[in-house]
Each structure stands twice: as C-alpha cells, then as structure tokens.
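Here is a short note on the model, in numbered points. Please read it beside the coordinates.

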Amino acid sequence: MILSIVTVVKNDITRLIKTIESLKYYYNDKNFEHIIVDGKSTDNTSNIIKKIKQENKNILFKSSQDNGIYDAMNVGIDLSNGDFIL
C-alpha cells in the first residue's frame with residue numbers, strides 16, 4: 001500500500017521547505033511518495049526542489065504551466081502511484 005501526498009506550489013518556496021521538513025521522516029519509507037507540482041514559479045523553486053530530490057527518491061516533481069490550483073492538483077493525482085492520496 002502506498003500513501004501519496006500531493007503538494008501544489010507557486011512562488012512559495014519558504015512554506016514548501018517547511019512542508020518538506022515535516023515529511024522528511026517518511027522519505028525513506030518505500031510505501032510513501034511526495035508529489036510536488038509547481039506552477040512555473042519564478043522564485044527558484046524548481047532548482048531548489050531538484051537538489052532536494054537528489055537526496056530523496058520518494059519525491060516526484062513536475063513544474064509546468066497550469067490552469068489554476070485544481071488543475072495542478074489533478075496533475076499530482078495523475079502522477080500518483082498511491083492507493084491513498086492526500
């Protein structure tokens with residue numbers, strides 16, 4: 001059973017890092033994945049997440065133009081491998 005957590009972000013790297021820090025305990029669990037969907041941020045989010053992703057294989061990351069928060073959430077759901085998605 002896999003638990004997927006989808007986080008949607010755009011130009012808010014500070015809170016995204018807090019979210020990542022709160023989930024770090026689970027990053028080594030093979031039954032967990034963290035999907036981060038970025039709406040083409042201009043605050044260097046993509047580069048920072050790519051570095052963090054190198055250390056944490058449980059992170060799936062996609063940065064693309066979207067049509068709003070609900071569209072981005074649906075992108076995260078589509079990327080998910082989880083039996084449960086939060």
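This is a predicted model: local features need pLDDT of at least 70, side-chain atom pairs count only at pLDDT 80 or more; totals for chains, interfaces and linings use all residues.

1. Residues are numbered from 1 along each chain as its sequence is written, and side-chain values use heavy atoms, without hydrogens and water.

2. Helix α1 covers residues 13–23 and helix α2 residues 45–55; they pack at about 15 degrees with axes 11 Å apart. That angle makes α1 roughly parallel to α2 (under 35 degrees).

3. I13, L16, I17 and I20 of α1 make the contact with T45, I48, I49 and I52 of α2 (contact: heavy atoms within 4.5 Å). Seven of these residues are nonpolar, one is polar and none is charged.

4. Three helices and four strands make up the chain's elements (DSSP runs: H or I of at least four residues for helices, E of at least two for strands). Their order along the sequence is β-α-β-α-β-α-β.

5. The C-alpha trace spans about 35 × 25 × 20 Å along its principal axes. Of the 86 residues, 36% count as buried (under 20% relative accessible area, 1.4 Å probe, protein chains only).

6. Among contacts in the chain with a separation of 6 or more, 76% join residues 24 or more positions apart.

Conventions: Axes are lines fitted to C-alpha atoms, for helices over the stretch in contact, and angles run from 0 to 180 degrees between N-to-C directions. Angles under 35 degrees count as roughly parallel, over 145 as roughly antiparallel, 65 to 115 as roughly perpendicular and the rest as oblique. Ala, Val, Leu, Ile, Met, Phe, Trp, Tyr, Cys and Pro count as nonpolar, Asp, Glu, Lys and Arg as charged, and the others, Gly among them, as polar. Buried means under 20% relative accessible area, exposed over 50%, partly exposed in between (1.4 Å probe, protein chains only).
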